[in-house]
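Below are my notes on this model, point by point. Please read them with the coordinates open.

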Amino acid sequence: MNALWTSAEAEAATLGHASRPFEATGLSIDTRTLKPGDLFVALKGDARDGHEFVAAAMQAKAAAALVSRPVKADGALLTVANTLRGLEDLGRASRARTHAKIVAITGSAGKTTTKEVLRLAFGALGKTHASSASHNNHWGVPLSLAAMPRDAQFGVFEIGMNHFGEIRSLVGFVRPHVALVTTIAPAHLEFFGTCEAIADAKSEIFEGIVPGGTGIVPADSPYAERLIARAKQAGVTRVLTFGTKSGCDARLVSTAPHDGGMKIEADVMGRPVLFRIGAPGAHIAQNAIAALLAVAAAEGDVLNAAAALEQFSALKGRGARFKVKLAGGEAEIIDESYNANPASMAAAFALLAGTPARRRIAVIGNMLEMGADAAAHHAALAKDVEAAHVDLVFANGEDMKALWDALPAARRGAYGKVSAEIAPKVVRALRAGDVVLVKGSFGSKMSVVIDALKKAG
Ligand SMILES: Nc1ncnc2c1ncn2[C@@H]1O[C@H](COP(=O)(O)OP(=O)(O)O)[C@@H](O)[C@H]1O
Ligand SMILES: [Mg+2]
């Protein structure tokens, strides 16, 4: 059986009605990325309604469309009462039929990175399915689940949130054998108020673990004890830890730079594991040992999984690097433009500090959703700037003004309200031998700076 969903299976899963038989080989909610043979799910978004695109989906050779009302389109229609509910039903049915070991990942930073590390790690052991991109929300999680091939041996799912109760409902679909929290940091503080509250919200992931399953917690986090207590409260009998502390179930023993990445010595469940990973950074090392602990918890072969991590490279917008050719040499750009909060900023500054450079330059934009103390959180980055021996800072955004004001004059590159204002100034300042870190929340549009630097060469 090659099809992901036959019409009969999809009807049974959703209690829907198929206008004619079909076999879908994939799932799509967006006609721009739809592949021939996909089941197109017509979701209602804030701006558009997927039902408007069913005809386009059929033209792109969708096998069928999941709809909640009649549409004019030439193709098979699976009609349900509500398409989001229909997608959830497919996700639930996918989970019910699979024999795969399932891992769920949440945390304030590092979810996607750890998910991609696990895609490689499990990929060395068997057929592996993992969420696409950062599909971690109310439609992303059921979509990822419903798209899992029926013969997958491992499934890896990212779960995100910005409110209480979201993870609880999403993990109910995923029902993981292993649930992993990467890190707890002040992100979405606007909605939560405190990091304790954030830790509690992330802990909802433990409530969905299947009986006998495993919770995994970051030992180096100030909230480790709280996470462990919450996991136990949720009835999880096996809670494992990763980090640098003695007594961790996956312990980082040493890291050393190697060929643009790292050589890592770790101890996983009492066994020494030596491996290479194709990206640098203390946070990458943490993500890697967390992933290997998840492999161990899923009864996978840790040594073979670890050997695959050499293939890992930093992801776009999350540490991927490129060079800019200049008179007299090159500058190196670290693209961290995808996201930012205080924890990931600290991780990125550490990355910058660890990169050999003639000059270190940080181009940073606002960390969003930081709540009432936003200015203080931004000003506090001054210590990261100091610790990383950053020579020049370019900053944009209202909150970043607090950092800018806290910087000594010698470290000031330029300040602007928006990234487009500072981008040309960064380009003008660029010299051979510079290493430039570009980071900010997605909404701070640091990609504008990245694009300007790409053109600068
Ligand atoms: N374990 C970690 N601890 C702190 N920061 C991290 C960690 N892993 C990744 N980061 C930082 O967070 C950014 C976003 O990483 P990503 O894996 O996309 O996280 P998420 O999916 O949770 O948003 C990265 O660019 C990096 O700066
Ligand atoms: Mg993500």
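1. Start with strand β8, residues 101-106. Of its 6 residues, 5 are buried, so the rest of the structure largely encloses β8. Buried here means under 20% relative accessible area, exposed means over 50%, and partly exposed is in between (1.4 Å probe, protein chains only). Strands (E, at least two residues) and helices (H or I, at least four) are DSSP runs, numbered from the N terminus.

2. This is a predicted model: local features need pLDDT of at least 70, side-chain atom pairs count only at pLDDT 80 or more, and totals for chains, interfaces and linings use all residues. Residues are numbered from 1 along each chain as its sequence is written, chains are lettered from A and ligands numbered from 1 in the order in which they are written, and side-chain values use heavy atoms, with hydrogens and water left out.

3. Which strands pair with β8 in the parallel sense? One is β10 (residues 154-158), over 5 bridges. There V103 stands opposite V156. Another is β11 (residues 178-181), over 4 bridges. In that pairing L180 of β11 is the bridge partner of I105. Two strands count as paired if DSSP finds at least two bridges between them.

4. Strand β13 (residues 238-243) is also largely enclosed by the rest of the structure, because 5 of its 6 residues are buried. Strand β12 (residues 214-218) runs parallel to β13 and is joined to it by 5 bridges. One of the pairs to check is T214 with its bridge partner R238 in β13.

5. Now the open sheet. It has 5 strands in the order β2-β7-β6-β5-β4, and the pairing is mixed. The edges are β2 (17-18) and β4 (26-28), each pairing on one side only. Inside the sheet, β5 (residues 38-41) and β6 (residues 64-67) are parallel over 3 bridges. L39 has A64 of β6 as its bridge partner.

6. Helix α3 (residues 83-97) lies across β4, β5 and β6. It runs at about 120° to β6. Axes are lines fitted to C-alpha atoms, for helices over the stretch in contact, and angles run from 0 to 180 degrees between N-to-C directions. Contact means heavy atoms within 4.5 Å.

7. Ligand 1 has 16 residues around it; K111, T113, N287, R318 and E336 come nearest. A residue counts as near if one of its heavy atoms lies within 4 Å. What do the polar contacts (N or O atom pairs within 3.5 Å) look like? A polar backbone atom of G110 is 2.9 Å from a ligand 1 oxygen.

8. Is E398 buried or exposed? It is exposed, at 55% relative accessibility. E398 sits in the loop between β20 (392-396) and α15 (400-406). Neighbours within four places in sequence aside, E398 contacts N366, Y415 and K417.

9. Last, T6 in strand β1 (residues 5-6). T6 is buried, at 13% relative accessible area. Setting aside neighbours within four places in sequence, T6 is in contact with M1, F22 and E23.

Methods:
A polar contact is a pair of N or O atoms within 3.5 Å; within protein, one must be able to donate a hydrogen and the other to accept it, and residues adjacent in sequence count only if both atoms are side-chain atoms.
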